[in-house]
Amino acid sequence: MNENYESDLLRLLEERGYIHQVTDAGALDQLAQKKVIPGYIGFDATAPSLHIGSLVQIMMLRRLQQAGHKPIVVMGGGTTKVGDPSGKDESRKLLTPDVIDENIASIRTVFEKLLTFGDGPTDAVMVNNDEWLSQLSYVEMLRDVGPHFTINRMLTFDSVRLRLDREQPLTFLEFNYMILQAYDFLELARRYDCQLQMGGSDQWGNIVNGMELGRRMEQRELYGLTTPLLTTADGAKMGKTAAGAVWLNEDQLPAYDFWQYWRNCDDRDVGRFLRLFTDMPLNEIAKLETLEGADINDAKIVLANEVTKLVRGEAAAVAAESTAKETFAGGGAGEDLPTLAVGEDGMRVGAVLTELGFTASNKEAKRKLAEGAVKLEDEAVSDPAFVVAPKAGQTLKLSLGKKKHALVTV
């Protein structure tokens, strides 16, 4: 840890675990003490919601605002039309402008919970890079921006090399992505005096590209800061589970499932997640980190409540914890549990498990049934041919192990 940061911004980011790399940290530290720094992070609009893999970036914008600076949320309406090859093994499906606009409107609802938007000097703004990218003339772009990029250097970036090493196609469309992202930084510097771009460690090359473009074209001093690659203690990538992505928006994932993700995290991740994803004071987090054995579950409940409160609201956090208590402690079935409606003839238990996302396939469901891990109304079920068939008006509780519960209705 760098103990020498003097600005509130870099001290806050450092002590809560956000900093991986910084360009010219000393100069950025000095600048942050003298003026309000507008800083941005870009987000793709490929779905109606971001997932928790993006939450560390959103929280970093929150920290920027908490330290007295200006967050700029850049929605990639333009770049989503191209596709970021970073970390991808294959080309992404291209979306229509209408779908992209709908996705941006949906994604904004989460940002409005975590940032203060407005016209003030430190108020957040959300912009769409389609505003400027769609106005660019191709010949003008080639002439003005093209000379500042070399193919030799672009081929060294991990996002490109990964695809080429695996002999997977990388289209010319995607190859242009890093030039467009670099141009975003330059355009934001022009429009908002934006001097800082932040992002995940996989964006380092793209960020440096933008800084260099600003310096070469307009002699601007720009800075970059990246977070560590965020994985869970067991090495899994944040945001993905066997049952699918952990979405931030309620429409894509019920609050109870969101709450449960945090409640079920690895013991080793609790302290780190509390620092990154909540506003709890560090001294309180330090106390929770000392808990061991069964007591660590108390810290996980605090984590689940605090993150759910920030992302979904206080009512969602209270309802999710209440449902968990009723389900686990009381043996009941809280109304906030995920629900699956089946036809009047019912559905085979394995198909129900897979439909709920409790198992990734019917084959896995059969294995869980054979292991005795499945219960209906707290009675073990082991026959794959068993049909879950609630009567009209009846609700049945289906459980997989001790942590996954759902309601099945007609």
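Guide: Helices here are DSSP runs of H or I with at least four residues, numbered from the N terminus. Please keep in mind throughout that this is a predicted model.

Visitor: In which helix is Val270 found?
Guide: Helix numbers count from the N terminus, and Val270 also has contacts beyond its neighbours within four places in sequence, namely with Cys265, Ile296, Ala299 and Lys300. The element in which Val270 is found is helix α13.

Visitor: Is Val270 buried or exposed?
Guide: The cut-off for a buried residue is a relative accessible area under 20%. Val270 has a relative accessible area of 2%, and therefore it counts as buried.

Visitor: How far apart in space are Val270 and Ile207, C-alpha to C-alpha?
Guide: Along the sequence, Val270 and Ile207 are 63 residues apart. In space, taken from C-alpha to C-alpha, the separation of Val270 and Ile207 is 30 Å.

Visitor: Which strand is joined to β2 by bridges?
Guide: Five of the six residues of β2 are buried, so this strand is largely enclosed by the rest of the structure. Tyr40 stands opposite Ile72, and six bridges join β2 to its parallel partner, residues 70-75, which is strand β3.

Visitor: Where is Ser49 placed, and which residue's backbone nitrogen does its side chain reach?
Guide: Ser49 has its place in the loop between β2 (38-43) and α3 (55-66), and it is buried, with a relative accessible area of 3%. Leaving out residues up to four places away in sequence, Ser49 touches Ile107, Trp247, Leu248, Asn249 and Gln252. At 3.0 Å, the side chain of Ser49 reaches the backbone nitrogen of Asn249.

Visitor: What kind of aromatic pair do Phe43 and Phe111 form?
Guide: A search of the whole structure finds seven aromatic pairs, including that of Phe43 and Phe111, whose centres are 5.0 Å apart. This pair links distant parts of the chain, with Phe43 in strand β2 and Phe111 in helix α4 (residues 97-114), 68 residues apart. Phe43 is buried at 5% relative accessibility, as is Phe111 at 0%. With 70 degrees between the planes, the pair of Phe43 and Phe111 is edge-to-face.

Visitor: Why is the pair of Trp262 and Phe277 described as tilted?
Guide: Trp262 lies in helix α12 (residues 255-263) and Phe277 in helix α13 (residues 270-277), so their pair ties together parts that are 15 residues apart in sequence. The ring centres of Trp262 and Phe277 are 5.1 Å apart and their planes stand at 55 degrees, so the pair is tilted.

Visitor: Which arginine lies over the face of Phe258?
Guide: Over the face of Phe117 lies Arg108, at 4.5 Å from the ring centre. Over the face of Phe258, at 4.7 Å from the ring centre, lies Arg312.

Visitor: Which residues touch the most other members of the largest nonpolar core?
Guide: In soluble globular proteins, nonpolar side chains tend to be buried together. Leu55, leaving aside its neighbours within four places in sequence, is in contact with Leu114, Leu248, Trp262, Phe277, Val307 and Val311. A second, separate core of 29 residues includes Trp132, Leu180, Cys194 and Met211. In the largest nonpolar core, of 70 residues, those touching the most other members are Leu55, Phe111, Trp262 and Phe277.

Definitions and conventions. Residues are numbered from 1 along each chain as its sequence is written. This is a predicted model: local features need pLDDT of at least 70, side-chain atom pairs count only at pLDDT 80 or more; totals for chains, interfaces and linings use all residues. Side-chain values use heavy atoms; hydrogens and water are left out. Helices (H or I, at least four residues) and strands (E, at least two) are DSSP runs, numbered from the N terminus. Buried means under 20% relative accessible area, exposed over 50%, partly exposed in between (1.4 Å probe, protein chains only). A polar contact is a pair of N or O atoms within 3.5 Å; within protein, one must be able to donate a hydrogen and the other to accept it, and residues adjacent in sequence count only if both atoms are side-chain atoms. Contact means heavy atoms within 4.5 Å. Rings of Phe, Tyr and Trp (its six-membered ring) pair if their centres lie within 6.5 Å; planes under 30 degrees apart count as stacked, over 60 as edge-to-face and the rest as tilted. A charge sits over a ring if NZ of Lys or CZ of Arg is within 6 Å of the ring centre and within 35 degrees of the ring normal. A nonpolar core is a set of buried Ala, Val, Leu, Ile, Met, Phe, Trp, Tyr and Cys residues joined through side-chain atoms within 4.5 Å. Two strands pair if DSSP finds at least two bridges between them.
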